[in-house]
Amino acid sequence: MTDAREKYQELLVRFEEQVNAEQASKMAAYMKNHFPFYGVQTPIRRRLYKDIMTSDKKNGKIDWDLLQMAWSQEKRELHYFVCDYLKGLHKFLSFDDVPLILTFAKSNQWWDTIDHFDRILGNIPDERIAALMLDLSQSEDFWLRRIAIDHQLGRKEKTDIKLLEEIITNNFGSKEFFINKAIGWSLRDYSKVNPEWVRNFVIKYQKDLAPLSFREASKYI
């Protein structure tokens, strides 16, 4: 399969063959019924498009037309395909691809895809990512702010603590659950490698941290 539309049509056929109405209902309910599902669970779903990803890896090129077609559909598993694809072919991403990735991150929004885009964007090896994340941390779109807050998850000793602090403080005062949870997660994650820094951060900003953020950040310190 070399043509984007051909790959896309084959993808649809494979998903349609795996439709599970009962499972689809459960999956949609878990996501607050924001999106309809085929009802295909993760291990099976990933097997359905493994060969497509493998082929594109060999070609060394991301098929953006395929991704845009998949993302334009309402079924949530197709959005998961886009996320898995971008993670699987991450070494082929560059800063020039950021606008395209952001078009995905700005639509069909819910935590399940946003929490892929934080690392997809955050792990692009370009020094301009830091400035991008600082900009996103002040966006009117709280999902983009969540991406900025959590984009360094898993970096451990490589975490840019100055950037982390600035992004978090930009989001103090938010009443949004997904923002305050993200702040707590980012601090909790970093506390695994530098509990002293996180402890000092929590003490310094105790009056500014939402109770949810404080509880999450303090879990390991």
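Residues are called buried under 20% relative accessible area, exposed over 50%, and partly exposed in between (1.4 Å probe, protein chains only). By this scale K32, at 59% relative accessibility, counts as exposed. The structure is a predicted model, in which local features need pLDDT of at least 70, side-chain atom pairs count only at pLDDT 80 or more, and totals for chains, interfaces and linings use all residues. Residues are numbered from 1 along each chain as its sequence is written, and side-chain values use heavy atoms, with hydrogens and water left out.

Helices (H or I, at least four residues) and strands (E, at least two) are DSSP runs, numbered from the N terminus. Helix 2 spans residues 21-30, and its buried residues are Q23, A24, M27 and A28. Seen down the helix axis, these buried residues fall within an arc of 135 degrees, so they line one face of helix 2. The arc is that of the directions from the helix axis to the C-beta atoms. The buried residues of helix 2 pack against helix 6 (76-88). Contact here means heavy atoms within 4.5 Å. On the other side of helix 2, E22, K26 and Y30 are exposed. At the start of helix 2, a side-chain oxygen of N20 reaches to within 3.3 Å of the backbone nitrogen of E22. A polar contact is a pair of N or O atoms within 3.5 Å; within protein, one must be able to donate a hydrogen and the other to accept it, and residues adjacent in sequence count only if both atoms are side-chain atoms.

Helix 2 is followed by K32. K32 lies in the loop between helix 2 and helix 3 (42-48). N33 lies in the loop between helix 2 and helix 3 as well. Most residues other than glycine have a negative phi. K32, although not a glycine, has a positive phi of about 60 degrees. N33 is not a glycine either, and its phi is positive, about 60 degrees. At 58% relative accessibility, N33 counts as exposed.

Two loop residues are buried. W110 sits in the loop between helix 7 (98-105) and helix 8 (111-122). Its relative accessibility is 14%, so W110 counts as buried. Leaving aside neighbours within four places in sequence, W110 is in contact with M31, K32, H34, F35, R76, W143 and F178. W110 and L89 are 21 residues apart in sequence, and their C-alpha atoms are 23 Å apart in space. H90 belongs to the loop between helix 6 and helix 7. With 16% relative accessibility, H90 counts as buried. Beyond neighbours within four places in sequence, H90 contacts R119, I120, N123 and I124.

R188 is found in helix 12. Not counting residues up to four places away in sequence, R188 touches E216, A217, K219 and Y220. R188 and K219 are 31 residues apart in sequence but 6.6 Å apart in space, C-alpha to C-alpha.

A search of the whole structure finds one cavity of 30 Å³ or more. On a 1 Å grid over the protein atoms alone, a cavity is a set of points where a 1.4 Å probe fits but cannot get out; lining residues have an atom within 4 Å of a point. Grid points are joined across faces, edges and corners, and a volume is the space filled by probe spheres set on the points. About 60 Å³ of space lies in the largest cavity. Its lining is made up of I149, D150, Q152, L153, T159, L164, S186, D189 and Y190. Helix 10 (142-150) and helix 12 (177-191) are the elements that give two or more residues to this lining. Helix 12 gives the most, with three residues.

Terms used: On a 1 Å grid over the protein atoms alone, a cavity is a set of points where a 1.4 Å probe fits but cannot get out, and a pocket is an open set with protein on both sides within 12 Å along at least five of seven lines; lining residues have an atom within 4 Å of a point.
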